[in-house]
Amino acid sequence: MRRRLLLLAAAAALGGVAFSGDRFWLQFLAKAMIGSILAMSLDLLVGFTGLVSLAHSAFFGLAAYLLAGLTNRFDLVNPVVTLPLCVAFAAACALVIGWLSLRATGVYFIMVTLAFTQMLFYLFNDSPALGGSDGLYVKARPIEGRAAAYVAIWAAVVLVYLLLSRLLRAPYGRVLEGIRGNDQRMRSLGYPTRRYKLVAFVIAGALAGLAGYLDATLYGFVNPAQLGWRQSGLILVTVLLGGRGTLYGPALGALLLAFIEHYGERVTDHWNALIAALVIAVVLFLPRGLAGLVQGAPRA
Amino acid sequence: MSLSLFVLQVVNGVEYGLLLFLVASGLTLVFGVLGVLNFAHGSFYMLGAYLAWWLSERTGSLLLAILVAIPAMVLIGLAVERLAIARLYARDHLSQVLLTYGLVLLFNELQRALWGNDVHGVSTPRALAWTMPLGETQTWPAWRAFTALACVGIGVAMRQIVLKTRFGMRVRAGASNAEMVEALGIDVRRLFAILFSAGTALAGLAGMLAAPLTTVYPGMGESVLILSFVVVVIGGIGSIKGAFFGALLVGLADTFGKVLLPGFASAIVYAVMAAVLLWRPRGLLGPAFEGR
């Protein structure tokens, strides 16, 4: 109950920032919120289903690239048209990649998702028609104005949180947690676990696509590095930092990482070493992340 | 495609495949025996290449640089195993991915801090700076032939060690059941440390051999890391023989892809991998049962 009130207060405070009109904070928090959509949706796979996917950045990038293509080539800008198209495209790609990757299990799954991510990275990076290594500008943005984009991103975060927490409380979410605990046992209980995992993969991919769409809308720009494996690694780091297996943890992790990135860049040129040290320390000493500090006793 | 061009692509593909084999064999052994998925393996390749460049600038000889750099790589491997990897043996894949991802970031920053962002060329030793004719129109650099021969030699030596020595027997036993090996009173910690540093040195050596061919640049380890993953997935995790065939397949697919379908070359390798996975989800020579 207390957690719910805290989350409600945090959501209201984040929403309130829209009225401040402060350029820096609007941009900074919008970026952090996009990161939290990515982290929460990846946590559906990593924390709740036990699937370590490195393909998350791919779906983010695919939706962003599709938005650039739609606006630049076909003059389709209106979010009522482009948003469903981009999210559906990410979901369709997740269906194909997920179907192939889920044939493999455990560590093979990690490697295969990694390989698909890099395949897409090179596809965009090496072909001039798709912008090459420079990426593409989104010539007309679906949502004009900083404050309007901020409000849209805020609404998306709230909706994604509500959707995922509802999903995880539903019988479907319980089955996913069962799969994380013991895939074989769930199968012997009669659950077609691969299909359950595929649905989770597609939902997570679609939400990553939503994040990519919002990112391209906010910055008006997309490049292949956003789709590469390092980006996927960074989303995994966000999930871990916040605490896998909770929804608010990864959202918090995204905010923290945004702060580190912003202020780390000012302090030292080698702020990536800072992130590296943080990651290593968290893996070794705080495996349940920030949420582990908050929660105390381990969660079953 | 003329015959001599075809032959050139074949020898280039085989040579590239052999180089990948050096990297992938360490990756597959470390996973098969230690049970650790090591993303920092590509960083060792990069470190090897940078050491080769830096030392050959100092000493004036690439071969001398390689002789000095290999023990250095072994020491780096021992340090990384003791300080980081040894803490991961009992942990899940996610922790392994994340910690070794942290190591990748760390090594990248180290490289940036020590050697900067510039691209560096490495000159081949004068004794090997000639080319051999290949048919009427093509030539093949002697350094590539040397690289291929060195890789074959190391591959054969590895096979002998793994199949014929007591140490190799323990490695094979460790790959099939590390707990049982420990229960039989063998010092698994030592075995793991030796194996990990050997893998590190192999990846580093691959980087040193590749340095004159590819130049030395930031991020060079990452493309090799991902290709090695593809090799290991195709060959089957833990199988050296699988890594060998997988590496040749990937080397040839990549080389021919660059000639026949420029722009999609990088994607072809992954298409091959997807095809193999559809056919055999555990790789060509992977374990048939649900292993690690």
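These exercises, each with a worked solution, concern the predicted two-chain model above.

In this predicted model, local features need pLDDT of at least 70 and side-chain atom pairs count only at pLDDT 80 or more, while totals for chains, interfaces and linings use all residues. Residues are numbered from 1 along each chain as its sequence is written, and chains are lettered from A and ligands numbered from 1 in the order in which they are written.

**Exercise 1. Helix α9 of chain A**

Task: Compare the span of α9(A) with the expected span, then state how far the helix is buried.

Solution: 
- Helices are DSSP runs (H or I, at least four residues), and strands are runs of E (at least two), numbered from the N terminus.
- The expected span is 1.5 Å times one less than the number of residues.
- α9(A) covers residues 193-219, which is 27 residues.
- From first C-alpha to last it reaches 39 Å, close to the expected 39 Å.
- A residue is buried if 20 or more other C-beta atoms lie within 10 Å of its own, exposed if 12 or fewer, and partly exposed in between, with C-beta atoms placed from the backbone.
- In α9(A), 20 of the 27 residues are buried, so the helix is largely enclosed by the rest of the structure.
- Just after the helix, Gly220(A) has a positive phi of about 65°.

**Exercise 2. Two partners of α9(A)**

Task: Describe how α6(A) and α2(A) pack against α9(A).

Solution: 
- Two packed helices are described by the angle between their axes and the distance between the axes.
- Axes are lines fitted to C-alpha atoms, for helices over the stretch in contact, and angles run from 0 to 180 degrees between N-to-C directions.
- Angles under 35 degrees count as roughly parallel, over 145 as roughly antiparallel, 65 to 115 as roughly perpendicular and the rest as oblique.
- Take α6(A), residues 146-169: its axis and that of α9(A) come within 10 Å and cross at roughly 170°.
- α6(A) and α9(A) are therefore roughly antiparallel.
- Two residues are in contact if their C-beta atoms, placed from the backbone, lie within 7 Å.
- On the α6(A) side, the contact residues include Ala149(A), Ile153(A) and Val160(A); on the α9(A) side, Leu207(A) and Leu214(A) are among them.
- Nonpolar means Ala, Val, Leu, Ile, Met, Phe, Trp, Tyr, Cys and Pro; charged means Asp, Glu, Lys and Arg; the others, Gly among them, are polar.
- The α6(A)–α9(A) contact divides into nine nonpolar, one polar and no charged residues.
- Now α2(A): it packs on α9(A) at about 170°, with the axes 9 Å apart.
- This pair is therefore also roughly antiparallel.
- The α2(A)–α9(A) contact has 17 nonpolar, two polar and two charged residues.
- Both α2 and α9 of chain A are included in what covers the buried residues of α6(A).

**Exercise 3. The chain contact**

Task: Describe the side of chain B that touches chain A.

Solution: 
- The contact takes 30 residues from chain B and 35 from chain A.
- In chain B, α4 (93-115), α8 (220-235) and α10 (265-279) each supply at least two residues.
- α4(B) gives the most, with 13 residues.
- The chain B side divides into 21 nonpolar, six polar and three charged residues.
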